[in-house]
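Colleague: I would like to learn how to read a model of this kind, taking one feature at a time. Could you give the general idea first and then the case at hand?

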Amino acid sequence: MMRIAGLPIMMLTLAAPAFASAQVVRSAIDRVQPTAAVRSEDFKLDSRLMARPMPYRVMLPPNYTTESRRRFPVIYLLHGFSGHFGDWSNYTQLAQYLHAYDFIVVMPEGGNGWYTDSASQPHDRYGSYIIRELIPEVDAKFRTLADRNHRIIAGLSMGGYGALKFGLEYPQLFVLVGSFSGALGAPDWTPAALQSLGFEGEISKTLRGVYGSSDSDTRRANDIFRITEKLAPGSIQSLPFIYQSCGTSDPLLEDNHHFMELLDEKKIPHEYVESPGIHDWVFWNEQIREFLKLSNEMVNGVPPDKPAENKRAKTQ
């Protein structure tokens, strides 16, 4: 399924270098600090899998304190390459948007680990850490609605890839997953592919460290195209709903088109949004606002429409 997005997202004249917004374009949106009504606090989980304390940030809805017996749905937001667990709250208007909703928002630290258990570093288990340690800790520490129908995960770029991978691997945990400008082909990126995308240097180094050699089992096991292609028809109905978006001037647009086409082929319920934008916080700020609306519909039992025909969004 696909929506033609009519959102007037501003396009920057600055050319987008490799994962530019994680390093360069953050000034596009002023830093936004939580207001008094939205509580934000940083925590550390003493992780056995990671063999070190792992930081994460939690934002609580305005009525979390006043409605002391109420439990709340949870959204996990994953940052991008070279990012930080606080990015979503620091560089978008997330705090303002959350005033309209009753979500607990959790922002994990993902390092440059591609939300994957590393093939070379035994204590970089970013995939297992989030599933086996962070989610249980959040459900124990906060008044969450600790079930699939009230748990959502989404992310940008590297985090978009991670969110989709978690949703495909652990469909019993999430009702909705979101990918904004997802780096969806990362496990399969060759040096030539990285060069064509304009991605080089540190990204290439981390990909080798996380996934190993070009023919490694880790690459195959974490390739979301391969995972999706191998899904049995009977398992489709158990998957979370997928929201996928990308800017029309994003270097990752082609990979996002290919994954959207694969979702169509497998008849996996999804929504694809394509609108003017590059790989930056302007696009992601607009996307998190839209994703919160969809998340609110999902947890309140209002499923997205599912039109029979899927059309590619027109470039505006």
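Modeller: What follows goes through a strand and its neighbours, the nonpolar cores, the backbone angles and the salt bridges. Please keep in mind throughout that this is a predicted model.

Colleague: Let us begin with the strand β5; how many of its residues are buried?

Modeller: Burial is judged by relative accessible area, and a residue under 20% counts as buried. In β5, which spans residues 104-108, five of the five residues are buried. Both faces of the strand are covered, with Ile104, Val106 and Pro108 on one side and Val105 and Met107 on the other.

Colleague: Which strands are joined to β5, and do they run parallel or antiparallel to it?

Modeller: Strand β3, residues 52-60, is joined to β5 by four bridges, and these two strands run antiparallel. In that pairing, tyrosine 56 stands opposite proline 108 of β5. Strand β4, residues 74-78, is joined to β5 by three bridges and runs parallel to it, with isoleucine 75 opposite valine 105.

Colleague: How should I read the nonpolar cores, and which residues have the most contacts inside the largest one?

Modeller: In soluble globular proteins, nonpolar side chains tend to be buried together. Here the largest nonpolar core comprises 57 residues, and Tyr56 and Trp114 have the most contacts inside it. The element that gives the most to this core is helix α3, residues 126-141, which supplies seven residues. There is also a second, separate core of 32 residues, which includes Met107, Ile152, Phe241 and Val299.

Colleague: Turning to the backbone, where is alanine 51 found, and what is its phi?

Modeller: Alanine 51 has a positive phi of about 60 degrees, although it is not a glycine, and it lies in the loop between β2 (39-47) and β3. Its relative accessibility is 48%, so it counts as partly exposed. Lysine 267 is another residue other than glycine with a positive phi, near 60 degrees, and it is found in the loop between α9 (253-266) and β9 (270-275). Lysine 267 counts as exposed because its relative accessibility is 68%, the cut-off for that class being over 50%.

Colleague: How many salt bridges does the structure hold, and how far apart are the closest N and O atoms of glutamate 286 and arginine 289?

Modeller: Side chains of opposite charge can pair when their charged atoms come close. The structure holds ten salt bridges, and in the one between glutamate 286 and arginine 289 the closest N and O atoms are 2.3 Å apart. Both residues lie in helix α10, three residues apart, which is about one turn of the helix. Glutamate 286 is buried, because its relative accessibility is 14%, whereas arginine 289, at 33%, counts as partly exposed. The C-alpha atom of glutamate 286 is separated by 8.9 Å from that of glutamine 93, although the two residues are 193 residues apart along the chain.

Colleague: Which residues are linked in a network of salt bridges?

Modeller: Glu67, Arg70 and Asp102 are linked in such a network. Among the other salt bridges, arginine 39 pairs with glutamate 41, with the closest N and O atoms 3.0 Å apart, and arginine 125 pairs with aspartate 117, with the closest N and O atoms 3.8 Å apart.

Technical notes
Residues numbered from 1 in each chain as written. Predicted model: local features only at pLDDT ≥ 70, side-chain atom pairs only at ≥ 80, totals over all residues. Heavy atoms only, no water. Buried < 20%, exposed > 50% of the residue type's maximum accessible area, 1.4 Å probe, protein only. Pairing = 2+ DSSP bridges. Core = buried A, V, L, I, M, F, W, Y, C linked by side-chain atoms within 4.5 Å. Salt bridge = Lys/Arg side-chain N within 4 Å of Asp/Glu carboxyl O.
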